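My notes follow in the order I took them.

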Amino acid sequence: MGFVPTMERVMLFQEARGGDKYLLGGKGYGLVEMTSLGLPVPPGFVITTEVCKQYYASGGKIPAGVLDQVRVKIAEVERLTGKKFGGQDRPLLFSVRSGAPFSMPGMMDTVLNLGLNDETTERMAAITRNERFAYDSYRRLIQMFGKIAMGADPGPFEKVLEERKRKSGVKMDIELTPEDLRGVVREFKDIVRAETGKDFPQDPYLQLEMAVEAVLNSWNNERAKEYRKFYKISESLGTAVNIQSMVFGNFGGTSGSGVGFTRNPSTGEDGMFGEYLPNSQGEDVVAGMRTPIGIDKMDPQVRSQLEDVAKKLESYFKDMQDFEFTVEDGKLFMLQTRNGKRTAQAAVKIAVDMSKEGLITSEESIARVEPEALESLLHRRLDPDVRDKPLAKGLDASPGAASGAVVFDTDEAAKVGQSEKIILVRPETTPEDIKGMIAAQGVLTMRGGMTSHAAVVARGMGKPAVVGCSEIEIDMEKETFTTVSGEKVSKGEVVTIDGTTGKIYRGEVKMVEPEPTPELTALLKTADEVRRIGVWANADTPEAARKAREFGAEGIGLCRTERMFNAPNRLPIVREMIMSKDAAARREHLYRLFPFQLSDFKGIFEAMGGRPVVVRLLDLPLHEFLPPPEELMLDIQSMKEQGATPAEIEKAEVVLARVRQLAEHNPMLGHRGCRLAVTYPEIYEMQAKAILQAAIELREEGKERAKVKIMIPLVALAGEFRYLKGVVDAAADSLFKELGATFEYQVGTMIETPRAALTAGEIAKDSDFFSFGTNDLTQTTFGFSRDDVEAKFIPWYIETGLLHESPFDSVDVQGVGRLVRMAVVEGRKSKGGLEIGICGEHGGDPKSISFFAEAGLNYVSCSAFRVPVARLAAAHAALTQKTLSVTA
């Protein structure tokens, strides 16, 4: 029998065994499981996510009875620890921490040392004989609590601390004396009173109630909402609240706090990885205010204990773990474990290695890597032959390279980064910087280590990051940074950061395309064995076709021919064809383009080595190949002013008249695609001949036989398709007679209008294959003009909840998806075994791929660089279908 969710809303760690992350939150779940494993976890309890949901449902009120349950659990923790909350002899202190079902590092709030007041601080100082420790803990509580639970501005606290260090002639907090810290405490309490109009509360139970409410409120702070929006985490999940007895890493030289990983989160290399900050509390490590030391430099005895714990955690959870720990006077305590955030490179390596080690199955290794993560793995990297001299070097926190204009302000980065490439440069990042990090190409910080906020969040986002770069000094007021060699970089100047080496360069440095790692090749090979749907690519040139094959494409699902017409040596001929007054003249100019088209198709067919190639015949309206009327009008005016001949001016005016004649109010729904070919069939005639002659010539040259598929775009009527298939077949017959050779080919259509989907059964009678053009199908189903709506109101629709995401990013399953299903069923009812694919941008979107696989399509087609993403997504879809069939 599973865990019963109707149990108490507040549970001790040992009572909550069997609860999942959705009830206990990720942090609570980890603490509960570590407690059950017998690991050294300080006692505590969890307030479940149900309380958070009830809190918001009741308009921001802690549900009745919850605080009474909290008091009962505190009494249990007092019994377990032998300490008393608010007591004088052995004061029990708590940490109050958030814990959402999905990891949101630093996005919500934490309060440490809760329960200290003036009396207990004095008593702790006496009991421990460590006055510095007691007052350091107290000033931390006042600062955290004042900011988080009472709403005080954090700025004045930092100013007081900096001023105190300046007066005492020290650089770090840990160098302040007990007397210094007493003074800091007095000033901090004054700040709370001045900022909030209230005194810092001396009642520990009032502190606890306010801290719990602050953590619940932090679920809806701006940075948390921004983070959930970026990672598409549901707003309805809520956060748990974890209340745990304190252990103290700031007790002295034999104490400290740290963050570790059971494997390297950047590279995936096996072996414990992490950082430790002596004489500190956990927030100091992730905040990046001081640069920590490596775990390997810890006390050997404690490190050995930690290695044993790391092995147990990975063996139990069967995944790479990210854990937090504290050492109090030489004794190890575990404060958190969770599946660690990792780079795409690390995710792939860890999954493949764990499968080889027998820790997980090959199918589990596929499920461990999110398809979207592969995008960052396929980003460009610095050219290894680059000899540019670096400006500075920091820690290589998150791999990959990025170039962009330097921006120092987070709010500015969030705005500018929407339209320009930027690098966010900060002394260190805090959770408030999340929106700037989302907008930036990469992140550079002056302080912080490999487990700092900047490093963890950048790795999770797949963005390059260089942290802890002590070789630069940042002046936030002047918005510049200066290197140790004296070179200055100002806001707006372009730099390149290399998160793989930690190096920073001035200007935009040359980059090269990525090469798949052996682990990625192995993972995708496994994915290919599992997936049921084919993965093809969209490619218009031999180079793109070769790249598609390198990434594992099994065919070309969309070869756009209109792009071939735009080349500089062809566009003048195309324009002359458009200006022609009759079919004979048009045909004359079209056949001047024939050698170019022949060469194009031969190159693509050869590059694909016998794999299928779907060639879409011309789709664009003719006016797209002509200059804009405004440009022509200016040219004519200039010609008149410069004394051009009347004949020259007349010629230009004829072109202008033709442009105006071809102009349309809504070109997307106008004279384009098959409609253009019905009017000017000679265009498709020439293209069909070029395609088939290319295939014949390659065969005669002894090359692999091409699999030719000719596709008619924008069909809405079965009659349109029959008419144009007749044009193609007639062109083929004419060519075959001329060459004395034949070649097998197919003619199919794109399904990209609602009417085509609704009448798919009729169209399928004559069509050899279907391919969904979901970009246009989405536009015509919604009545949206993509170029207009994406900028003007779709973001607002998403913000207000009218749409969960743009229907151009992931397919609209309810509307567009219903048309797809209907067309698949009706098409195959008319023609059994009809091959059906999708070649719109949705072909590379993992969520859409899952739908297309379930709907019964034969293949998806996407851009070459998304082919690995699609291969893995298709395998994920197969595993999902397998699970559903087992549970059905």
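This is a predicted model: local features need pLDDT of at least 70, side-chain atom pairs count only at pLDDT 80 or more; totals for chains, interfaces and linings use all residues.

I then checked the length of helix 3, which covers residues 66-81. Its 16 residues should span 22 Å at 1.5 Å a residue, and the end C-alpha atoms are 22 Å apart, so the two values agree.

I next asked which residues of helix 3 are buried. They are V66, Q69, V70, K73, I74, V77, E78 and T81. The general rule is that an α-helix has 3.6 residues a turn, so residues three or four places apart point the same way. I read the list of buried positions in helix 3, V66 to T81, with that rule in mind.

Entry 2, two strands. I looked at strand 17, residues 422-426, and found 5 of its 5 residues buried. In a regular strand the side chains alternate between the two faces of the sheet. In strand 17, I422, L424 and R426 lie on one side and I423 and V425 on the other, and both faces are covered. I also looked up a pairing: strand 16, residues 401-407, runs parallel to strand 17 over 3 bridges. Opposite I423 in strand 17 stands V406.

How many disulfides does the model have? The count is 0. I followed up on C559, which is in no disulfide; its nearest cysteine sulfur belongs to C839 and is 11 Å away. A disulfide needs the two sulfur atoms within 2.5 Å. C559 counts as buried because its relative accessibility is 0%. For C839, the closest cysteine sulfur is that of C862, at 11 Å, which is too far for a bond. C839 has a relative accessible area of 3%, so I put it down as buried.

I went to the second largest pocket and noted a space of about 740 Å³. Its lining has 26 residues, of which D619, L620, R672, D776 and Q779 are the closest to the centre. Sorted by class, the lining of the second largest pocket holds 13 charged, 7 nonpolar and 6 polar residues.

Notes
Residues are numbered from 1 along each chain as its sequence is written. Side-chain values use heavy atoms; hydrogens and water are left out. Buried means under 20% relative accessible area, exposed over 50%, partly exposed in between (1.4 Å probe, protein chains only). On a 1 Å grid over the protein atoms alone, a cavity is a set of points where a 1.4 Å probe fits but cannot get out, and a pocket is an open set with protein on both sides within 12 Å along at least five of seven lines; lining residues have an atom within 4 Å of a point. Grid points are joined across faces, edges and corners, and a volume is the space filled by probe spheres set on the points. Ala, Val, Leu, Ile, Met, Phe, Trp, Tyr, Cys and Pro count as nonpolar, Asp, Glu, Lys and Arg as charged, and the others, Gly among them, as polar. Helices (H or I, at least four residues) and strands (E, at least two) are DSSP runs, numbered from the N terminus. The expected span of a helix is 1.5 Å times one less than its number of residues. Two strands pair if DSSP finds at least two bridges between them.
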